[in-house]
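Please look over the model shown here before reading the notes on its fold, its pocket and one of its helices.

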Amino acid sequence: MMKKVLGVIGGMGPEATAYFYEEVIAHTKAERDQDHIDMVILSHASMPDRTAAILSGDDRGIMQSMERSVRMLENCGVQNIAIPCNTSHYFYDRIQGLTQIPVINMPGESVSYICRLYPQAVRVGIMATDGTLRTGIYANVLQEAGLVPVVPGVQAQKAVMSLIYDDIKTGRDGDPAKFEQAYRDLTEQGADLVILACTEISVYKKKHTIPANCLDAMDVLVRESVIRSGAEYV
């Protein structure tokens, strides 16, 4: 099968993008350099904050930045686009509308994955930014699939946001107590499975052991990226 070039709109945040790249390499079956996929990675760190844009209603800056990124990837000849940032998928339809190149739908693919591999799951917890939660990026897709979304309570969500912004985005490893507070809150509400729906929490997972009933949306994006690029996922 002819391989396809993967384009990545990254930098949201930079460490999450670096982790995505590492995971694509780690999960591509390869015995030599040439077995890996070709990738064009834009670390667009100057992209306006996604949660702030959503909550303020002023998305002009982020959409202008997204369009610039899409055009750059088009000029590089990529054939699929991955965006390792969950919150930015609030703008998914508009981003896809900018180009004929397929953009991998991270929330949609993650929920499809849950339906296939976790058929026993009914109530699904969402660990994500305020922007992702308030806009229903994951909740809406879960409901369409017949699943019940569960979100953290007020104090637990503050712990999630602190883990993301105060810890991971500033280069810290992340406070396990913050993760545990949110996880415990979701499971006490009856969540059978918890989606890690923020790439900073994916970075946290890289450095800490997490419960077995947590699904990392980043892992799903990595899998789709490898397969759609014509390589074998391992």
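This is a predicted model: local features need pLDDT of at least 70, side-chain atom pairs count only at pLDDT 80 or more; totals for chains, interfaces and linings use all residues.

Residues are numbered from 1 along each chain as its sequence is written, and side-chain values use heavy atoms, with hydrogens and water left out.

The chain has 11 helices and seven strands, which are DSSP runs numbered from the N terminus (helices H or I, at least four residues; strands E, at least two). Along its principal axes, the C-alpha trace spans about 45 × 40 × 35 Å. Buried residues (under 20% relative accessible area, 1.4 Å probe, protein chains only) make up 53% of the 234 residues.

The lining of the largest pocket includes His89, Tyr90, Asn105 and Glu144, and the elements that give two or more residues to this lining are H5 and H7. Of these, H7 gives the most, with three residues. The classes of the lining residues are tabulated here.

| Class | Residues in the lining |
|---|---|
| Nonpolar | five residues |
| Polar | six residues |

Helix H11, residues 217–228, reaches 16 Å from its first C-alpha to its last, close to the 16 Å expected at 1.5 Å a residue, where the expected span is 1.5 Å times one less than the number of residues. Among its buried residues are Met218, Leu221 and Glu224. Just after H11, glycine 230 takes a positive phi of about 90°.

Notes. Buried means under 20% relative accessible area, exposed over 50%, partly exposed in between (1.4 Å probe, protein chains only). On a 1 Å grid over the protein atoms alone, a cavity is a set of points where a 1.4 Å probe fits but cannot get out, and a pocket is an open set with protein on both sides within 12 Å along at least five of seven lines; lining residues have an atom within 4 Å of a point. Ala, Val, Leu, Ile, Met, Phe, Trp, Tyr, Cys and Pro count as nonpolar, Asp, Glu, Lys and Arg as charged, and the others, Gly among them, as polar.
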